[in-house]
Amino acid sequence: STLMRSSAASDVYKRQDAQLRGKLLTYDAVETACNPIVAKDNSIENKDVYFPCGLVAWSMFNDTFRFESGVELNEKGIAWPSDLERKFGKPEGVNASTATPIASSGPLAHFDTLDEHFIVWMRTAALPDFRKLYGRIDDGLKKGTYTILVANNYDVSSFNGTKSLVLATTSWLGGKNNFLGIAYIVVGAVSLFIGIAFLVKHTVSPRKMGDTSYLRWSR
């Protein structure tokens with residue numbers, strides 16, 4: 001997916017990590033971190049604080065995809081194990097659906113703190129053009145034509161964004177990433193050029209060795 005809100009500079013810090021780990025926090029504890037999406041109907045009451053609060057969560061990508069027939073899309077195991085184990089949790093002592101106000105529609109409908117799509121989204125991207133893993137096809141795809149049904153819920157028109165569905169083959173090195181390859185080649189080429197320049201400078205005009213007679217030794 002490209003040009004979407006996950007990595008917008010104004011959004012990246014609009015979250016409360018302690019809350020995402022399952023702590024039910026007061027309005028004062030989340031107000032600075034989550035502003036402007038803090039509580040229901042702009043309330044300042046603790047009971048009205050959203051779980052989760054903040055722009056990152058409330059701009060969650062909520063399109064859905066499925067193959068028309070014959071192909072199972074595995075949507076489990078897409079989040080980092082460390083995120084699942086340490087960074088996200090159910091609200092303490094209550095049911096997630098009734099802990100604090102949750103929108104009945106929109107990106108957080110039927111919200112679950114441990115939803116792996118939510119966890120993947122909350123790991124914000126470093127660049128405005130990015131990809132998010134939606135699922136895996138464990139049995140692979142045979143050569144042929146496939147139809148994918150898309151529920152187009154996520155509106156990108158307000159910020160002139162674009163969305164794409166990418167089918168990619170991954171290995172133990174990960175998926176395709178042209179940016180890293182280009183970056184490594186550029187850095188390597190610049191380093192090689194600088195190394196050659198220093199070698200030529202040292203060959204043509206070597207640095208004169210210092211005259212030890214000018215050294216003064218203090219006693």
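1. A disulfide is taken here as a pair of cysteine sulfur atoms within 2.5 Å. The structure, a predicted model, holds one such link, which joins Cys 34 to Cys 53 with an S to S distance of 1.9 Å. The link of Cys 34 and Cys 53 is right-handed, with 40° about the S-S bond. It connects distant parts of the chain, since Cys 34 sits in helix α2 (residues 27–34) and Cys 53 in the loop between α2 and α3 (55–58), 19 residues apart. Helices (H or I, at least four residues) and strands (E, at least two) are DSSP runs numbered from the N terminus.

2. Both Cys 34 and Cys 53 are buried, where buried means under 20% relative accessible area, exposed over 50%, and partly exposed in between (1.4 Å probe, protein chains only). Of the 219 residues of the protein chain, 29% count as buried.

3. The protein chain has six helices and two strands, and along the sequence these follow the pattern α-α-α-β-α-α-β-α.

4. Phe 198, which lies in helix α6 (residues 178–204), counts as exposed because its relative accessibility is 59%.

5. With contact meaning heavy atoms within 4.5 Å, residues 24 or more positions apart account for 72% of the contacts in the protein chain with a separation of 6 or more.

6. On conventions, residues are numbered from 1 along each chain as its sequence is written, and side-chain values use heavy atoms, with hydrogens and water left out. In this predicted model, local features need pLDDT of at least 70 and side-chain atom pairs count only at pLDDT 80 or more, whereas totals for chains, interfaces and linings use all residues.
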